[in-house]
Amino acid sequence: MRDLFFAGALLAGAMALPAAALAADAHKPAHAASAKAARFEDHYATNNGVKIHYVAEGHGPLVVMVHGFPDYWATWKPLMATLAADGYRAVAMDNRGYNLSDKPQGEAAYAMPNLVGDVAAVIAAEHAKDTILIGHDWGASIAWNTTFARPELVNKLIIFSVPHPAGLARELATNKAQQANSQYARNFQKEGSEKNLTAEGLAGWVKDPKEKAGYIEAFKRSDFGAMMNYYRANYPKGVGDSAAPPPQTPMVNVPVLVIHGMKDTALNAAGHNGTWDHVTKDTTILMIPTAGHFVQHDAQDLVDRTVKDWLDARR
């Protein structure tokens, strides 16, 4: 079994998931305030006893959206509305450790096979055989790895910000700017790093004051140690000469759309060079010079329109 990566990190072990891990629980959550708008439906999926909260809108082909750090399902509200209006079933997850999803303890609970399993559980909860998969930041890593490990579950792949693992591994080994920009992740890996986090601080990037209140509420329900465990379990600890070699990953056999904000201070645009060498279908890359890491907000109209049009062209 090949080792797989997030952000250039080797992830050892098979990604195969037992069928028993995929069970649906469609009960309303205890905190229904997470989806106040009437159009949103709250649901849970279960992966090996870990409940994953997700919100759904619309009817049609399934689209599963996975957020990153620090974020929660509501980051996808604008894109959900766009796709639901266009005849898709838009689903946005709370990643494990966040908001209304379960918060298992320990670094191992956040290893990539478990995160891939959470996506598989949501697809199963929706009674779908596969999905259009969209991810940002850690969600993009999870989306890449789901496509590698469970290719039968993904019919189209949309990536925000995070390069293909081979591209990011290359940059961590050779690009001093990317090495410097990854220092925050190495700091997160340190024991006790979660003690420096607050809900208000994590929501500092949110510009809309109405949405910021929801973010603070969601982060107060989250587990900061779990957030750091994503980095401890999956992010590479070496750079330059000590960086891990590029991973051997399967070819991606579905169409891929990559959207990147060129003002991103965590992930350099250069990491996306050569993405097309790892994809057998058409590969579309959109670089947005005015957007930063949270590209889905910094260039919301362009991003939402691009995703809609790209998907419509491949229906």
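Helices (H or I, at least four residues) and strands (E, at least two) are DSSP runs, numbered from the N terminus.

Before going on, a word about the model. It is a predicted one, in which local features need pLDDT of at least 70 and side-chain atom pairs count only at pLDDT 80 or more, while totals for chains, interfaces and linings use all residues. Residues are numbered from 1 along each chain as its sequence is written, and side-chain values use heavy atoms, with hydrogens and water left out.

Helix 2 is mostly covered, with twelve of its 14 residues buried. Buried means under 20% relative accessible area, exposed means over 50%, and partly exposed is in between (1.4 Å probe, protein chains only). Among the buried residues of helix 2 are Met-112, Leu-115, Asp-118, Val-119 and Ile-123. After helix 2 comes His-127, which has a positive phi near 55 degrees.

Glu-126 sits in the loop between helix 2 and strand 8. This residue is buried, at a relative accessible area of 16%. Not counting residues up to four places away in sequence, Glu-126 touches His-43, Tyr-54, Leu-62, Arg-89 and Val-91, where contact means heavy atoms within 4.5 Å.

The buried ones include Trp-138, Ile-142, Trp-144 and Phe-148.

Ala-143 is a handy residue to look up in helix 3. Its relative accessibility is 0%, so Ala-143 counts as buried. Setting aside neighbours within four places in sequence, Ala-143 is in contact with Leu-133, Gly-135, Leu-157 and Ile-159. Ala-143 and Leu-115 are 28 residues apart in sequence, and their C-alpha atoms are 9.5 Å apart in space.

In helix 1 (77-85), the buried residues are Leu-79, Met-80, Leu-83 and Ala-84. They cover an arc of only 130 degrees around the axis, which puts them on the same side of helix 1; the arc is that of the directions from the helix axis to the C-beta atoms. What covers these buried residues includes strand 5, strand 6, strand 7 (89-93), strand 8 (131-136) and helix 11 (300-312). Helix 1 is followed by Gly-87, with a positive phi near 90 degrees.

## A cavity inside

Rolling a probe the size of a water molecule over the atoms shows where empty space is left. On a 1 Å grid over the protein atoms alone, a cavity is a set of points where a 1.4 Å probe fits but cannot get out, and lining residues have an atom within 4 Å of a point. Grid points are joined across faces, edges and corners, and a volume is the space filled by probe spheres set on the points.

How many cavities of 30 Å³ or more are there? The count comes to one. The largest cavity holds about 40 Å³ of space. Its lining residues are Val-66, Met-93, Asn-95, Arg-96, Leu-115, Asp-118, Val-119, Ile-142 and Tyr-230. Helix 2 (residues 112-125) gives the largest share of that lining, three residues. By class, six lining residues are nonpolar, one is polar and two are charged. Here Ala, Val, Leu, Ile, Met, Phe, Trp, Tyr, Cys and Pro count as nonpolar, Asp, Glu, Lys and Arg as charged, and the others, Gly among them, as polar.

## Loops worth a look

| Residue | Phi | Relative accessible area |
|---|---|---|
| Asn-48 | about 50 degrees | 52%, exposed |
| Ser-161 | about 85 degrees | 0%, buried |

Asn-48 is in the loop between strand 4 (41-47) and strand 5 (50-57), and Ser-161 is in the loop between strand 9 (154-160) and helix 4 (165-174).

The peptide bond from Phe-69 to Pro-70 is cis, with omega near -20 degrees. Pro-70 belongs to the loop between strand 6 (62-66) and helix 1.

Finally, Asn-253 lies in the loop between helix 9 (224-234) and strand 10 (256-261). Asn-253 is partly exposed, at a relative accessible area of 48%.

Technical notes. On a 1 Å grid over the protein atoms alone, a cavity is a set of points where a 1.4 Å probe fits but cannot get out, and a pocket is an open set with protein on both sides within 12 Å along at least five of seven lines; lining residues have an atom within 4 Å of a point.
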